[in-house]
Amino acid sequence: MAVSVLIPTPMRKQTNEQDTVEVNPGTIATMVKELAAQYPGIEKRLVDDQGELRRFINFYVNEEDIRFLEGKETPLNDGDTVSIVPAIAGGC
Amino acid sequence: MPKVLGMRCRECGEEYPMNPIHVCELCFGPLEVLLDWELLEGKLTREKIEKGPKSMWRYWDLLPVEGPPTVGRNVGFTPLVKAERLGREFGLKNVYVKNDAVNHPTLSFKDRVVALALTKAREFGYETVACASTGNLANSVAAHAAEGGFHSYIFIPDNLEQGKVIGTLVYGANVLAVSGNYDEVNRLCAEAGDKYGWGFVNINLRPYYGDGSKTFGYEIAEQLGWKAPDHIVTPCAGGSLISKTYKGLNELNRLGLLENGGTEGIPTKMYAAQAKGCSPITTAIKEKYEIFRPQKPNTIAKSIAIGNPADGHIAIETVRKSGGWAEDVTDEEVVEGIRLLGRTEGIFTETAGGVTTAVFKKLAEQGHFGENETVVISITGNGLKTIEAVAGKLGSTVHIQPNLASLAEALQTEKLLATV
């Protein structure tokens, strides 16, 4: 078992068009590092120059926004699913 | 000659051609349409606009479509009502209500964004359109899809008001009620987005959809005699309308069409209004946070209950840059706001309008508005869609028999005299 990461369309060029990739258990921070090692170019899309997660991307672990969990330090266990979703407009 | 050059990321500046994409592939920032200002400057005049149709399409030159509108030809140009009685309650002489509660055809400002998005969807060749919605967008996409002969899939949270559900089903749309709040509906739609090749109004058509809101700002200025107002109070959900209204006013200034514009910019201060039960934007402004913190919504103002606002950063930036402010109100104040607008101006707005009116009241009491300054209250939706929110809170009818004695008796009661 591993952690599944759902890759949004604008990022699939970096993952050779794969919509789901797998990483080892750890945290959101270790997931970013692991993705960066596997898929060159993806790190710049996930984090800014200061190394912070980009503000227009939402990360969800098992459907819960990580800002309601432990942010970058949110733990990822075997079988968890991470969704990476761009922010979406609505309401007014 | 095409008047649109392409799109540019608001966050990092990367440019893209006109395609159905909505976020920057580099940083996920929102994309904005780039108009060809060289083509427009000096050529678009007040006279040309004034000769146009009495709809949002009089500003066609400033909208990102190539051909004429193919749906929603009658949307917009809603009344800007001088609110004398409402203003007087707060000692203000120039209060106006921009009344999109009577927008054609689905009674909310969403008709503006949808008319533009579906006209663009047709230009892109889509046959099926979809949206995630808190209600008003659902109504509008379903109606315009029917008008234009599109198939439509509408995703809503499963706790929406009856009026908004029925006001979507009537147009023959496929309505999917998702267990969860709007933010969860949104996440699902983002994940489903490209899988089905649909034109998702608030996802892959978002840059075009967003620009429909600029017409709200254009109209306010034109209806004030080509003047930007001193203050605009606007409800915030995803945070798009407030920044697009401001953008619209600035574009008119850039074209030299405003009486009170100039190189210094426009005088307008923008004010964000939210319900306390869902206030990520107003909280960030009031607490001077650099970035907003998402919230789990809990308010009767469902149409603006978005805890994770996509354009929240831009809304906050707009308020700060313009020198405005923000306030939020309790659900009780929302109902009071609806009643206030109803009893002073004869306008029945939905809960979002109750938020806006109640926030206007709060800001007025805090002294933000000068006696003679122009204040515009943005009323974005119609009260008949959310009657549950006020049912039982507006007093009750007085039952009488069909004879004069019964009427006379009823008129004697304190209750009736009190309402005169």
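**Notebook: contacts of chain B**

I began with one pair of charged residues, and I found that B:K244 makes a salt bridge with B:E32, their closest N and O atoms lying 3.6 Å apart. I note here that the model is a predicted one, and I keep that in mind for every entry below.

**Entry 1: the two domains of chain B**

I then looked up how chain B is divided, and I read domain 1 as residues 1–40 and domain 2 as 80–106 + 211–390. I checked the distance between the C-alpha centres of domain 1 and domain 2 of chain B, which comes to 27 Å. When I looked for contacts, I found that seven residues of domain 1 of chain B touch 10 residues of domain 2 of chain B. For the area, I wrote down that these two domains of chain B bury about 720 Å² between them, with 57% of it on carbon and sulfur atoms.

I next listed the polar and charged links between the two domains of chain B, and the count is three salt bridges, while one residue pair, with both residues at pLDDT 80 or more, is in polar contact.

**Entry 2: chain B against chain A**

I turned to the other chain, and I found 41 residues of chain B in contact with 28 residues of chain A. Chain B and chain A bury about 3,000 Å² between them, and carbon and sulfur atoms give 59% of that area. I asked myself which three residues supply more than any other three of the area that chain B buries against chain A; they are B:E25, B:F28 and B:R187, which supply 23% of it.

Across this interface of chain B and chain A I noted four salt bridges, and I looked at A:R55 with B:E11, a salt bridge whose closest N and O atoms are 2.9 Å apart. I also recorded six residue pairs in polar contact between chain B and chain A, both residues of each pair being at pLDDT 80 or more. On the side of chain B that touches chain A, the elements giving two or more residues are α7 (182–192), α8 (206–212) and α10 (240–254) of chain B, and α7(B) gives the most, with five.

Key: Residues are numbered from 1 along each chain as its sequence is written. Chains are lettered from A and ligands numbered from 1 in the order in which they are written. This is a predicted model: local features need pLDDT of at least 70, side-chain atom pairs count only at pLDDT 80 or more; totals for chains, interfaces and linings use all residues. Side-chain values use heavy atoms; hydrogens and water are left out. Domain bounds come from an automatic or database domain assignment. Contact means heavy atoms within 4.5 Å. Buried area is the accessible area (1.4 Å probe) that two parts lose on being put together, summed over both. A salt bridge is a side-chain nitrogen of Lys or Arg within 4 Å of a carboxyl oxygen of Asp or Glu. A polar contact is a pair of N or O atoms within 3.5 Å; within protein, one must be able to donate a hydrogen and the other to accept it, and residues adjacent in sequence count only if both atoms are side-chain atoms. Helices (H or I, at least four residues) and strands (E, at least two) are DSSP runs, numbered from the N terminus.
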